[in-house]
Amino acid sequence: CELVQRVRNDKKVRKVVEKADASPVTVADFGAQAVIRIILSRQERANTRLIAEESATALEEDRKLALAVTEATNEVLERQGEAPVSVGDVVDAVRASDGSQGHFGEHQEDAFWILDPIDGTRGFLRGGRCEYALGLACVQEGRLEVGVMALPNTNRPKSDAGETGVLMRSMRNGGTQWTEIEAKEDNNHVGSETQWQETRVDSVERLSMAALCVSDHESAVEWLEARGASAKLRLCCGSLCKYAAVALGSATAYVQPPDPKRMMLKSWDHAAGLLCVQEAGGTVTDLDGHRLEVCSGAWFAPSRGGVIVSNGRIHEQLLRLDAPLHPC
């Protein structure tokens, strides 16, 4: 989180590369992925794998980009008391954690981490208080066990003020908690253990009273409003910010409509958020009410290509909406 904020505030290193799918990737995406991979590899369980979004191809082809990522990575490693790394180490770390091609776990007992270094890169690039998230989840024996999300521009619950963000954590059967991230020029201060607070989804029981969380480009909102969902909370980009809004009780539901061009979804866009919502008392399914299978591959195919995230109380109402949702 510290690395991402530093890069965001430093225009000199805010280089943007366009990926094959036309989505942007930045020094911060690569750096966050490298830092987490390197730190995990230095822990006792060094064989625990990290599966993440970014590929090393751009770093291998662009020496200046690789140098900028290495500089940003070393700044954070040194502040954490970790030894610095070389450009080659950074490229290797990103390459070793590239999950874009493969299957996550060959065996049910495999343990691994799923990372989205920045979910909502377009919001990250817009600047200001546009929201984005870092999401990390741990899978053991085919089940999500841990989910962590850092949301530097998300206000704490029931607050409109301050340059603070939210750090959220969840464990299977352990609930979901949050604490503040206080953005400072030289660091990101995270609340102490005693400042962690339980969070629960909201208690809205009727779709007509629901606060629907949507992207600012969402076209399906009119369709939903015509069927009784009135209030809406617009968030710029990325799915994890919307999962967090539901888990914090800021929104009642988030519906990701199907896109005929992308019926397969990326696991790292959902894994950490899914567990945080479930442990906060919410429900996450595809459009037919089936659970999301995010633990076996880089991509998963929800029924009819969409996802419904809710407080649980209005989930059946959302599932009953006829032929839900136009592509956005």
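The legends below describe several close-up views of a predicted model.

In this predicted model, local features need pLDDT of at least 70 and side-chain atom pairs count only at pLDDT 80 or more, while totals for chains, interfaces and linings use all residues. Residues are numbered from 1 along each chain as its sequence is written, and side-chain values use heavy atoms, with hydrogens and water left out.

**View 1**
Helix α2 covers residues 27–42; helices (H or I, at least four residues) and strands (E, at least two) are DSSP runs, numbered from the N terminus. With its 16 residues, α2 reaches 22 Å from its first C-alpha to its last, close to the 22 Å expected at 1.5 Å a residue, where the expected span is 1.5 Å times one less than the number of residues. The buried residues of α2 include Val27, Ala28, Phe30, Ile38 and Leu40; here buried means under 20% relative accessible area, exposed over 50%, and partly exposed in between, with a 1.4 Å probe and protein chains only.

**View 1. The largest nonpolar core and a second one.**
A nonpolar core is a set of buried Ala, Val, Leu, Ile, Met, Phe, Trp, Tyr and Cys residues joined through side-chain atoms within 4.5 Å. The largest such core has 41 residues, and those with the most contacts inside it are Leu144, Met149, Tyr243, Val284, Leu292, Val294 and Val309. Among the elements that each supply at least two residues of this core are strands β4 (111–119), β5 (133–140) and β6 (143–151) and helices α8 (240–247) and α9 (271–279). Helix α8 gives the largest share of this core, seven residues. A second, separate core of 36 residues includes Phe30, Ala56, Leu59 and Ala93.

**View 2. Helix α8 and the residue after it.**
Helix α8 is mostly covered, for eight of its eight residues are buried, and among them are Leu240, Cys241, Lys242 and Tyr243. Just after α8, Gly249 takes a positive phi of about 80°.

**View 3. Aromatic pairs.**
Rings of Phe, Tyr and Trp (its six-membered ring) pair if their centres lie within 6.5 Å, and planes under 30 degrees apart count as stacked, over 60 as edge-to-face and the rest as tilted. By this rule the count comes to two aromatic pairs. Phe124 and Tyr132 form an edge-to-face pair, at 5.2 Å centre to centre with 85° between the planes, and both Phe124 and Tyr132 are buried. The rings of Tyr243 and Tyr254 have their centres 6.0 Å apart and their planes at 75°, so this pair is edge-to-face. Because Tyr243 lies in helix α8 and Tyr254 in strand β13 (residues 253–256), the pair ties together parts that are 11 residues apart in sequence. Tyr243 is buried, with a relative accessible area of 0%, and Tyr254 counts as buried at 5% relative accessibility.

Two strands pair if DSSP finds at least two bridges between them. Strands β5 and β6 pair in the antiparallel sense over seven bridges, and the bridge partner of Cys138 in β6 is Val146. These two strands, β5 and β6, form a hairpin with two residues between them, and Glu141 in the turn has a positive phi of about 50°. Strands β6 and β7 also pair in the antiparallel sense, over six bridges, and Ala150 stands opposite Leu167 in β7.

**View 4. A charge over a ring.**
The charged end of Arg169 sits over the ring of Trp196, 4.0 Å from its centre; a charge counts in this way if NZ of Lys or CZ of Arg is within 6 Å of the ring centre and within 35 degrees of the ring normal.

**View 5. Residues in loops.**
Ser97 has its place in the loop between α5 (87–96) and β4, and Ser97 is buried, with a relative accessible area of 0%. Ser97 and Glu54 are 43 residues apart in sequence and 7.9 Å apart in space, C-alpha to C-alpha. Asn173, found in the loop between β7 and β8 (175–183), has a positive phi of about 65° although it is not a glycine, and Asn173 is exposed, with a relative accessible area of 67%. Arg304, in the loop between β16 (299–300) and β17, has a phi near 60°, a positive value in a residue other than glycine, and Arg304 is partly exposed at a relative accessible area of 38%.
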